Amino acid sequence: MSSVVPLQDLNLCPVSSTPSTSTAADAATDTALRVPKLEPVDPSFATYLPQQQLQLQEPTQDALFSDSTPELPLDLQNAPPPQIPDQDSLYSEFHRVSELFRAALNGDIEVVDPDSRAIVPVSSEENAIVVPRPAARKKAFTRSGELVRVTDMSMKDQLLFRDVVRRTRMVYDVIRIQAVVEEERRRGENLGRRARGDLRAASLMRERGLWLNRDKRIVGSIPGVQIGDMFFFRMELCVVGLHGQPQAGIDYVPISQSSNGEPIATSIIVSGGYEDDEDAGDAIVYTGHGGQDKLSRQCEHQKLEGGNLAMERSMHYGIEVRVIRGFRYEGCIGHKVYVYDGLYKILDCWFDVGKSGFGVYKYKLLRIEGQPELGSAILKFAQSLRTNLLATRPSGYVSLDISNKKENVAVLLFNDIDNDHDPLYYEYLVGTVFPPHAFNQTSNGTGCDCVSGCIESSDSCLCAMKNGGEFAYDQNGILLKGKPVIFECGPCCACPPSCRNRVTQKGLRSRLEVFRSRETGWGVRSLDLIQAGAFICEYTGVVLTREQAHIFTMNGDSLIYPNRFSERWAEWGDLSQIYSDYARPSYPSIPPLDFAMDVSRMRNVACYMSHSSSPNVMVQCVFYDHNNVMFPHLMLFAMENIPPLRELSLDYGVADEWTGKLAICN
DNA sequence: GATTCTTCATAGAG
DNA sequence: CCTCTATGAAGAAT
């Protein structure tokens, strides 16, 4: 069970800032010692929790946002008083998300605390006439200043919050990408400033009350955000609640909202914006803000105010700070990536003369021990692997390409824990082998005739029509929306290979590595950062019809049954609840998958992926070389940003004790 | 409350 | 590569 530790009484008991090697949990205990009035966890919370979990057991994207979603009432000041008991001690973010789901699932909308930005009923007439006043909105959207620390998360809680965060980020990403696509479609291919999808997504989600963790100011880790998680935009950090400032480097509770009149820092971004920073990973010397001109040149002395004072106060009270690092990163959208690196203690603070000759405040931070490995260090390590593999990791590589150049990117085989070389003994299968009659359909001859490339705005592209009048991918090959099936352009199309509607047929793009682990046997990870919605690889095998599978002599568990994969694509990209006027085209569907795949002799990377009930990879059915709806390609896409060297996982859709991978590969 | 100020963004142009 | 500029949004301060 989770509990919330209020920090509001911290002014009563200042604490000397001794260097600490404690963990976050220890830190909570420290606070408990310091704060005489530690509020007990609300008993009602205990009964609340299981209910919450029940609510979330069958979450669908549709359920997340009901049609009757959230228009805020015009005048929040006159709104009825909150009906929520014990609002102070309840972890209200938990509550708010629960209410979203409850309302969406039952259609039964309750009045909830308007300050929590949960669903509030509004009559339809009001809704129709009124444009909400900005002022009213502003008030409703302000962040709380109440400091809490979330401790004692059970495994169930962690999975729950992980899922909430994952889906929130998925919505953010999809709005962001679609905003850019729409903007381009509207303007045609004309020049002009590109739409800021990152801003658009954030503001839209803000209107809908979908920003997380605004009801409390969380000290320490954010539920559902893991060390090493990667983000491409500062606004996304705001949406998740990891760092609430869209530009500023220090996030803090301001004096005006602080219970004791002192500002308290909760998170910082280390992004190289100040020349006096010194970043050694576990230890950081961080520069305060201020004193810069418009060109980011230090031109005057910094003052001990705002975030600078907040940092000093956090040090004084021994409050840990989240650290997010920003890097330039080629090959990703925006060319910048932000990595959550965990919690740091502020050990020291002093006023120093910076390189510019002007005075700056400096803060010595040390990473709290006992946390998972530094995400940014892994990123750098992976970068080094990509440029100089064997120098970086001299031993452990069993093969530098198990595909034998069949894939356009080498697939590595790594094992540094035992002598198992198993994956070497299978023939590498780049594409699924379908039975010959799969290609004998009359519909095979259909393709589009967009000689100069497919443009979906024109009605002439047959392939766009087949996909419900739109393409499945953006210009970077990112999946916009999961569908029962996707038709890419194929050999019968007149469009060039550069056509936007050809993605999975081009094969691997990221450097994958099959690796041996003590926990999960063989697994798969990537040396490259994989963006959410990106194509990863096909799940290949030799297709057997039901009859063939039946007479097949082998043990049935060694076959892959594609209809068992859980249909995660349905969670990806459905925004019909965000845009109320969103026209949902009717997508073609296909009959239930009725074939098995033999991977006993020929296989590719995919079958080494581990099973997870909260996977980061999903299956999407795709056609490109034939149109026989009985036999789609099983294409794997990233469901979230997958950091380099993090294990890929699939929901095989079976009971946890049965994993396809284990049955097949071990 | 409304307005001003600040800010370790972003995208594109030169 | 770099440097510069326009646009932008949130939150803190006033």
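## Where domain 1 meets domain 2

User: Why do you say that three salt bridges run between domain 1 and domain 2?

Analyst: The count between the two domains is three, and a salt bridge here is a side-chain nitrogen of Lys or Arg within 4 Å of a carboxyl oxygen of Asp or Glu. Before going on: this is a predicted model, where local features need pLDDT of at least 70, side-chain atom pairs count only at pLDDT 80 or more, and totals for chains, interfaces and linings use all residues. Residues are numbered from 1 along each chain as its sequence is written, chains are lettered from A and ligands numbered from 1 in the order in which they are written, and side-chain values use heavy atoms, leaving out hydrogens and water.

User: What makes Asp 229 and Arg 646 a salt bridge?

Analyst: Their closest N and O atoms are 3.0 Å apart, and the cut-off is 4 Å, so the pair qualifies.

User: Where do the bounds of domain 1 and domain 2 lie?

Analyst: Chain A splits into domain 1 (147–385) and domain 2 (438–509 + 530–601 + 610–650), with bounds from an automatic or database domain assignment. Their centres, taken over C-alpha atoms, are 35 Å apart.

User: How many residues does the contact take from domain 1 and from domain 2?

Analyst: Domain 1 gives 32 residues and domain 2 gives 27, contact meaning heavy atoms within 4.5 Å.

User: What is the area buried between domain 1 and domain 2?

Analyst: About 2,500 Å², with carbon and sulfur atoms giving 59% of it. That's the accessible area (1.4 Å probe) that two parts lose on being put together, summed over both. In domain 1, Arg 166, Met 170 and Gln 178 lose the most area to domain 2, together 22% of what that side buries.

User: How many residue pairs are in polar contact between domain 1 and domain 2?

Analyst: Five, both residues being at pLDDT 80 or more. A polar contact is a pair of N or O atoms within 3.5 Å; within protein, one must be able to donate a hydrogen and the other to accept it, and residues adjacent in sequence count only if both atoms are side-chain atoms. On the side of domain 1 that touches domain 2, the largest share, 15 residues, comes from α7.

Technical notes
Helix = DSSP H or I, 4+ residues; strand = E, 2+ residues; numbered from the N terminus.
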